[in-house]
Amino acid sequence: GRAGYANAVTYCTTKFAVVGLSEALRAELRGTGIELSIVCPGVVNTELGSGLNETRAVKVVEPEEVADAIVDALRTDRFDVFVPAVAGTIWRAVHVLPRSAAEKVGQALKADQVLSNPDQSVRAGYEARAAACDPGVEERAAAVDPAPPAGEKVTS
């Protein structure tokens, strides 16, 4: 929810929306005693995270680590929760840089490749279960022209 990457437009869009909603709601609720937290985990070792690529700096985390961070945020009224914490340190550091430099850091850390070309053999079980929740999704997806590879110019 804090960074946008190629090949993850829908994913990044939904996460950005949740962060923006939470920031706005937090501002509106200030002084009411109602607190919010946003939890930004990296790749979590679950079926959803299976087959995704790893970065050079942020390790895959266990679900228990995310749960512990959530409990800690509830106890301390912390709004920004990054799991692992190093992800927050990196995010804060790169956002003082010009955008082009921040993007280069993301590329150097391979953050832009996490959702690119996942290992489909590892993800097959998850993808099949997710598709079963939406009958017809495969037919609708097949009818859509695929997006060009990241970096390729689109001409009309």
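Modeller: A nonpolar core is a set of buried Ala, Val, Leu, Ile, Met, Phe, Trp, Tyr and Cys residues joined through side-chain atoms within 4.5 Å. Buried means under 20% relative accessible area, exposed over 50%, partly exposed in between (1.4 Å probe, protein chains only). The model is predicted: local features need pLDDT of at least 70, side-chain atom pairs count only at pLDDT 80 or more, and totals for chains, interfaces and linings use all residues. Side-chain values use heavy atoms, without hydrogens and water, and residues are numbered from 1 along each chain as its sequence is written.

Colleague: What makes up the largest nonpolar core?

Modeller: It has 9 residues: Val19, Leu29, Leu36, Ile38, Cys40, Val58, Phe79, Phe82 and Ala87. Two or more of them come from each of α1 (9-29) and β1 (38-41). Helices (H or I, at least four residues) and strands (E, at least two) are DSSP runs, numbered from the N terminus. Another core, of 7 residues, lies apart from this one and includes Val44 and Val66.

Colleague: Why is serine 22 called buried?

Modeller: Its relative accessibility is 8%. The limit is under 20%, so serine 22 counts as buried. Serine 22 sits in helix α1. Beyond four places in sequence, serine 22 touches Leu36, Ile38 and Phe79. Contact means heavy atoms within 4.5 Å.

Colleague: How do you know whether alanine 73 is buried or exposed?

Modeller: Alanine 73 has 3% relative accessibility, therefore it counts as buried. Its place is helix α2 (residues 63-76). Leaving aside neighbours within four places, alanine 73 contacts Ser37, Arg78 and Val81.
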